[in-house]
There are 2 protein chains.
Amino acid sequence: MRWKWVYIEDVSRHAGEDVEVRGWLFNKRSSGKIRFLLIRDGTGVLQATIFSPEKCHPLFAQFDALTQESSLIVRGRVRQDKRAPGGYELEIADMETVQIARDYPISPKEHSTAFLMEHRHLWLRSRKQHAVLQVRAELIRAIRDFFDGRGFRLMDTPILTPSACEGTTTLFETQYFDQKAFLSQSGQLYNEATAMAFGKVYCFGPTFRAEKSKTRRHLIEFWMVEPEVAFASLEDIIELAEDLVLFILGRVLSRRRQELDILERDTKPLERIKKPFPRITYDEAVQLLKQKGSAITWGNDFGAPEETMMSEIFDLPVCVTHFPAAIKAFYMQPAPERPDVVLGVDMLASEGFGEIIGGGQRIHDLGLLEKRLKEHNLPRQAYEWYIDLRQYGSVPHAGFGLGVERTLAWLCRIKHIRETIPFPRLLYRIYP
Amino acid sequence: MRWKWVYIEDVSRHAGEDVEVRGWLFNKRSSGKIRFLLIRDGTGVLQATIFSPEKCHPLFAQFDALTQESSLIVRGRVRQDKRAPGGYELEIADMETVQIARDYPISPKEHSTAFLMEHRHLWLRSRKQHAVLQVRAELIRAIRDFFDGRGFRLMDTPILTPSACEGTTTLFETQYFDQKAFLSQSGQLYNEATAMAFGKVYCFGPTFRAEKSKTRRHLIEFWMVEPEVAFASLEDIIELAEDLVLFILGRVLSRRRQELDILERDTKPLERIKKPFPRITYDEAVQLLKQKGSAITWGNDFGAPEETMMSEIFDLPVCVTHFPAAIKAFYMQPAPERPDVVLGVDMLASEGFGEIIGGGQRIHDLGLLEKRLKEHNLPRQAYEWYIDLRQYGSVPHAGFGLGVERTLAWLCRIKHIRETIPFPRLLYRIYP
C-alpha cells in the first residue's frame, strides 16, 4: 500500500514520505491557487494544501464543500515548511470526504457555560478543552509512575461499600440485592488493610460526594489517588506528598509545555516550587489569618477565603498540620501530649487553588479506635474488619489523598473544576 | 542514624550493611543457640536470626513471646547466605516488638471459603493471595503502559450516568439529586465521544453489573479497560487486542515469575501463545461446537460449556467474530451484505477461561443508529449527545473492553474470580 496511515503527532518522522492522515476539518482558507486545510486528528493539528493552476480542479470542489468538523482522509507527501504550524505540511494528492458535518454548534464566538456543558461531547474537540485533558492524562500517568517507581502496590478498593467513611450525609445510596450500599468517598479504610499486607499501597479511582454545593471547586464524582504506608509517621507522608507534587510538576512542565502554552498558563509560579514546602500548624495558621484580618476562630475549618488568604502569605504550596480533632475524621491519630489536635496534614496549593491533599496518621491503638467509633455513633459491626487491623500486628501508619481534578485545575490555572474531567458530574448535571 | 529502614525486596542491595526491617512475624523456629524468624513486610519474606550462647538472652525471651502476625522492627546486619530463602538473612542485633498479635484466625489448615471471605482483610496477607494481587498490579501496569506507549489518551468516563449502555435489567440505581442515575456498565459510549476528539483513547475504571448470577466468573464490581479508535475497523481492533494480550503475557511472565511459581501456575501454555490467534466466525463456531456434540443452535449466545469446548479445540486464545445482531448491543455495526450479523469480536482465553475481551465496530451511520435506538426502545433524549457524534464528522470506529479480573484469573489459573480483586463484591456479599 502506498499510503501509510500516520497520526499528526508523528508526522515529523515522515518528512518526504507519502502518508495518509485521517481526521476532521478544523479550519480552511483559500489564497490564489492554493487551498489550505487545518486538519485535526486528536493528536495534533496539521496544515494540508491543495495546489492547482486549474480553477476547476476536482479537489477544489471537494474543498469548497467541507464544513467545520467534516471528517476526511487526506493523502499526500509530508514536507518540512517553517511557515506551517508545527513545521510540517502535507501536499494533498488525494482526498476522501467521509462525512460533511451539519452546522457545527460550537463556533469561535462566545457561548454560555450552560450551552457548552450541554455540548460537552463536542466541546472536548476545542483547543483549550483538548489541552486540559491532555494535561490530565499526563498528570495521571505521572502519579502512577511516581508510586509504581517507589514500590507502592496498586490495590483497587471497592466503590460499593456497606459503611460510610467520612460521615453519612453526603453519600449516594443504592440497593445491593437484599441490603443497602453506598458509593465510596475514599478507599482509605481498605488501604489500611492492604497496607498491612503489602507495606505500601495506593488506590486510584473515582470517588463520590453527594454534596449540595455548587462551587467552582466541587465535583460530585472525582478521581483521587490515595497512598497508605505501614510504619509511616506524619512526617514521612508529608515528605511523600511533597515528592509527589514535585514529581508531577516536573513531568507536566517538561512534557506538556505546548498545552500549557495553549492555556496561556504562566508557568513561572510553578517552576519556582521547591522542597521543603512551608509547614505550619493549625494554631499558627489561625494566628496568621487573624493578623491578616480573618474572622476565623480556633476550632473552625478553613473555607475558601482562608485558603486564598494563606496562598497570599506563601507563594509555595503550604502544609498545615495539627488540626483540631473535632473537625477531622474519627480515625485520625491524636498528637502526643496534645489530644485536642490530630496528626493530620492538608496541603494547600499555591495561587489560591486551595486544598489538593488531605491526610495524616491513623489511629493504631485498639482501645482508642473503639472509643472513637462509639463517640461518632458508628456501627461496630460494619467496622469489625477495620478493628481487626488493630488486633493482628497493629502498627503506626499514615497516608493521604490527592484530588486529581483540583490538582489539574491548579496546574492549568483553570478557574472552574468542571473543565478538568471529560464529563463532569455537578449538582443537578448528569448529562451528557 | 545507624539503622536505615529498608524494604525486604531491596535487602540484597544492602549486603554487609546495618539496616532496619519493619514487618510482621510470618513464622519462627528454634535450633540450639539460634532462633529463626521469618519476617514479611509486604514486599517479601526475610529470614532473620538471633544467635546467643546464653540461654537467657533478653532477645530470646522477646522471641518466645512473638505470635504469628505480631508486628516488629528488627535491626542488624545483612548477610548473604545461600541457605536462607531469598539468599540473604539478617543477623538481629536489636529487636522492637510493636504489638503482640491476638490469636491469628488464619492458620495453614484448611478454612471454609465463607470464613476466608469474611476475613478477606487478613486473608490478603497469605502467600497465595498476596501473589495473585502482585500479578494484578503488574497486569494493570502493563495494560496502561501498552496504551500509553501507543499514544492512546486516557479519558476517564463517568460512573454516574443518566442512561443504560447494555440494557436496564442489571443496573444499580441511585438518586442523583432530583433525578435517577445508574452506575456505569461500560465507558464505551463516552469513549466514542472522546475518540472523536482525541483519535485513540482508553478508559480504565470500575464497572458494575447487578446480575443475580453466582458463578465463578462473575463479579458485581469489576475493572475494565476499554480502548476506542476513530477510523478503525474490526480487523484493526482484533490486531490491537492480540497485541495487548501478548504484551500483558510478556510482562507478567518476565516480571512476576516468582508469584506464578508460588501459585504453581504451569506457564508453558502461556509461553506458546503467538500471533495471530485463531479467528473464526460465529457461524463456523456453531458448526464446530455441533460437531463436538453441543446442542447449541444458531442465534444463541455461548455459555460457559460452549466456551470450554472452544478452548478444547484451540490451545490459543480464539477470536470469534460476526455474531448474530439479535444477541448483541444496539450500537454494533452490521456486516456489509449480511445485516443479520455484526462486526463484533469476542476473545476467549485459552485453557477454558472463557471470554476476556468483547468489542467491535460501532454504527457510524446516523439513520441506522436512530433506527436501532427505536428498535431497542431506548429514550432518544438521553442519547442526543451520542447521536450528535453521527452528525458532526461521523467516522467508522471500533473498540473493545478487556476484563481485568477474568484476564488475571486466566494468567494465574485461578478457578474462582473472587480471588482476583482485593475486596470482591459478589451476590449478597459486600463485606468487608
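1. In this predicted model, the cover over the buried residues of helix H1 of chain B includes strand S2 (18-31), strand S3 (34-40), strand S4 (45-51) and strand S6 (88-99) of chain B.

2. The residues of H1(B), a helix that spans residues 58-65, that are buried include Leu59(B), Phe60(B) and Phe63(B). Viewed down the axis of H1(B), its buried residues fall within an arc of 100°, so they line one face of the helix. Pro58(B), Ala61(B) and Asp64(B), by contrast, are exposed and sit on the face of H1(B) turned away from the buried side.

3. In chain A, an open sheet of mixed pairing is formed by eight strands, whose order is S7-S11-S12-S19-S18-S17-S14-S13. Strand S7 (153-154) and strand S13 (279-281) of chain A stand at its edges, and each has a single partner strand, so one side of each is left without a neighbour in the sheet.

4. Within chain A, strand S18 (residues 354-362) and strand S19 (residues 397-403) pair in the antiparallel sense, with six bridges between them; Gly359(A), for instance, has Phe400(A) in S19(A) as its bridge partner.

5. Two helices of chain A may be considered together with these strands. Helix H6 (residues 234-255) of chain A lies across strand S12 (221-230), S13, strand S14 (318-321), strand S17 (344-349), S18 and S19 of that chain, and runs at about 30° to S19(A). Helix H13 (residues 404-412) of chain A also packs on the sheet, where it touches strand S11 (200-208), S12, S17, S18 and S19 of chain A, and its direction makes about 55° with that of S19(A).

Methods
Residues are numbered from 1 along each chain as its sequence is written. Chains are lettered from A and ligands numbered from 1 in the order in which they are written. This is a predicted model: local features need pLDDT of at least 70, side-chain atom pairs count only at pLDDT 80 or more; totals for chains, interfaces and linings use all residues. Side-chain values use heavy atoms; hydrogens and water are left out. Buried means under 20% relative accessible area, exposed over 50%, partly exposed in between (1.4 Å probe, protein chains only). Helices (H or I, at least four residues) and strands (E, at least two) are DSSP runs, numbered from the N terminus. The arc is that of the directions from the helix axis to the C-beta atoms. Contact means heavy atoms within 4.5 Å. Two strands pair if DSSP finds at least two bridges between them. Axes are lines fitted to C-alpha atoms, for helices over the stretch in contact, and angles run from 0 to 180 degrees between N-to-C directions.
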